[in-house]
Each structure stands twice: as structure tokens, then as C-alpha cells.
Amino acid sequence: IEEAAKEKHARVYAFNKDFGIDSRSAVTGGQMITVSTNDTAPAMLFTTMAGIHQSVNLACALMAVRLLMKEDTNISEETMREGFARTTWAGRFEVKRGLDRTFIFDGAHNAAGAESFSMTYAELFKDTPKTIVMAILKDKNQDAIIREVVKAGDTVLVVPAPTDRTEVPEVLVEKIRHIVPKAIAQTADSVEDALALAYKHTKTGDIITVCGSLYILGDARQWFNHEMSH
């Protein structure tokens, strides 16, 4: 990137050099982040997105918007803040509270995504056991995803993803039992079945997570919205 910038005589703005995060704190519904740049006062921003990785993303986006503001007077400090506060990202540690439970919808479909999930979960919910509805595709690093997402005391319901690239649920159940012996793992026929089961076997205040593949998030959110509207 630096080479290309040099050729084009373009300025490079690097995280932790030209701008950075002074502080961040998890609050209800998201996090508050204070971003500072070398030549402007620190900005305190709210985002609905959880996790340290999203605070870094926000800092980078803020730097880009600040540079645009120099060129475009239509963007005000106020619209910039409102824009960040209103931004949502479906399926990226998306926390929904409803049906007396906490639901988390997260892609976590590769090793890096699973690690972000694990860090964000620990930050918000410590080591609270969770019920997981999971599917993973054959070509993904399954062991790494399982290791990050599934913890001792968790219950995992493995379902097939709606694609021929999906891993056979029985195979994943065996892997989970081997990698995390203190977790309970079983198969379910579909995302809807798994969520109905998860709901039935949990109590008020429990956490239900859907993750491992972006393919199952649509069905999961549809199930949730359907149950919430009845």
C-alpha cells in the first residue's frame, strides 16, 4: 500500500500512527469509542456494533470521513455522528433481545471471524454458557472455528447449511465432542428446528447464538422475526 501511495503521490494515514482509539466501553446496544487524530480534537462516537475489531473499523471510517469533510461541506460533524450511530451490520455479532432470551447472530465463518466472535462474546458475556446453532462449510477451517466459538458447558445444535458445500452435521458433532469434550453436541434437521429446540431447552435470560456460516443467518433471523410477531 505504501509503495502504491508513493507512486501516486498520495498521503497514507495509518491506524495507531495518524489516528487511534483513546478509549472504548461497551454500553447497552453497542459501544462508545473515543477516536483521536493528530490534528483534530478527539471524537466520542457511538456504534451499535460490538467488538474491538469494529472499533478499529470505525476509527478508519472516521478518518476517511474527516478527509472527505475537508472537500465536501455537505457533511457536518452532526450528520457524521448520526451516520455512525445508525449504522447496523446484520450478522456481525448482531445482538437481539426477545422471547425472554438474548440472541446473537454472527457469521463467524472463518478462523479470524471466529476469533473476533470469541473476544467480543467474552467482553460482553464473560464465560456465560450458551446454546449454539451451528453449520460450517466443508472448505472452512472447522477445527479453528469450533475451538474459538464452542466452550465447555455450551450446548451445540449442528444443522446443515442450505448449500451443497455444507459439512455433514454428524461429522461436525464428532469434531466438537473431540475438541471440546465438556460441551454437549447433537444434530438437528434445520435451522428452524434447532432454534425451536434451543428455545424450548433454555430459560429466561439465556443466550442463544447462531453462527459458523453466513448461509444459515437468513433463516435464523426469519425464524426470530416470525416468533416475535406472534
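The structure is a predicted model, in which local features need pLDDT of at least 70 and side-chain atom pairs count only at pLDDT 80 or more, while totals for chains, interfaces and linings use all residues. Residues are numbered from 1 along each chain as its sequence is written, and side-chain values use heavy atoms, with hydrogens and water left out. Helices (H or I, at least four residues) and strands (E, at least two) are DSSP runs, numbered from the N terminus.

**Helix α7 against helix α8**

- Two packed helices are described by the angle between their axes and the distance between the axes.
- For helix α7 (residues 191-200) and helix α8 (residues 217-228), the angle is about 50 degrees and the axes are 9 Å apart; axes here are lines fitted to C-alpha atoms, for helices over the stretch in contact, and angles run from 0 to 180 degrees between N-to-C directions.
- The crossing of α7 and α8 is right-handed, a term used if the near helix is turned clockwise from the far one by less than a right angle, with left-handed used if the turn is anticlockwise.
- On the α7 side the contact involves Val191, Glu192, Leu195, Ala196 and Tyr199, which meet Asp219, Ala220 and Trp223 of α8, where contact means heavy atoms within 4.5 Å.
- These contact residues of α7 and α8 divide into 6 nonpolar, no polar and 2 charged; Ala, Val, Leu, Ile, Met, Phe, Trp, Tyr, Cys and Pro count as nonpolar, Asp, Glu, Lys and Arg as charged, and the others, Gly among them, as polar.

**Helix α2 against helix α3**

- Helices α2 and α3 pack at an angle of about 155 degrees with their axes 11 Å apart, and they are therefore roughly antiparallel to each other.
- Their crossing, like that of α7 and α8, is right-handed.
- From α2, the residues Leu58, Ala61, Leu62, Val65, Arg66 and Met69 meet Glu77, Met80 and Phe84 of α3.
- By class, this contact of α2 with α3 has 7 nonpolar, no polar and 2 charged residues.

**Salt bridges**

- Across the whole structure, a search finds 12 salt bridges, each being a side-chain nitrogen of Lys or Arg within 4 Å of a carboxyl oxygen of Asp or Glu.
- One of them joins the side chains of arginine 66 and glutamate 77, at 2.8 Å from N to O, and this pair links distant parts of the chain, with arginine 66 in helix α2 (residues 52-71) and glutamate 77 in helix α3 (residues 77-86), 11 residues apart.
- Arginine 66 counts as buried at 12% relative accessibility, whereas glutamate 77 is partly exposed at 32%; buried means under 20% relative accessible area, exposed over 50%, and partly exposed in between, with a 1.4 Å probe and protein chains only.
- Arg66 and Glu77 are also linked with Arg81 in a network of salt bridges.
- Another salt bridge pairs arginine 165 with aspartate 139, whose closest N and O atoms are 3.1 Å apart; arginine 165 lies in the loop between β7 (155-158) and α6 (169-179) and aspartate 139 in the loop between β6 (131-134) and α5 (142-149), so the pair ties together parts that are 26 residues apart in sequence.
- Of these two residues, arginine 165 is partly exposed, with a relative accessible area of 34%, and aspartate 139 is exposed, with 51%.
- Aspartate 143 and lysine 175 also meet in a salt bridge, at 3.5 Å from N to O, and because aspartate 143 lies in helix α5 and lysine 175 in helix α6, the pair ties together parts that are 32 residues apart in sequence.

**The buried side of helix α5**

- Within α5, the residues Gln142, Ala144, Ile145, Ile146 and Val149 are buried.
- The buried residues of α5 pack against α4 (111-125), β6, α6 and β9 (207-211).

**Positive phi values**

- Most residues other than glycine have a negative phi.
- Histidine 9, which is not a glycine, has a positive phi of about 50 degrees; histidine 9 lies in the loop between α1 (2-7) and β1 (19-27) and is exposed, with a relative accessible area of 75%.
- Phenylalanine 93 has a positive phi near 45 degrees; phenylalanine 93 is found in the loop between α3 and β4 (94-98) and counts as buried at 3% relative accessibility.

Methods
Angles under 35 degrees count as roughly parallel, over 145 as roughly antiparallel, 65 to 115 as roughly perpendicular and the rest as oblique.
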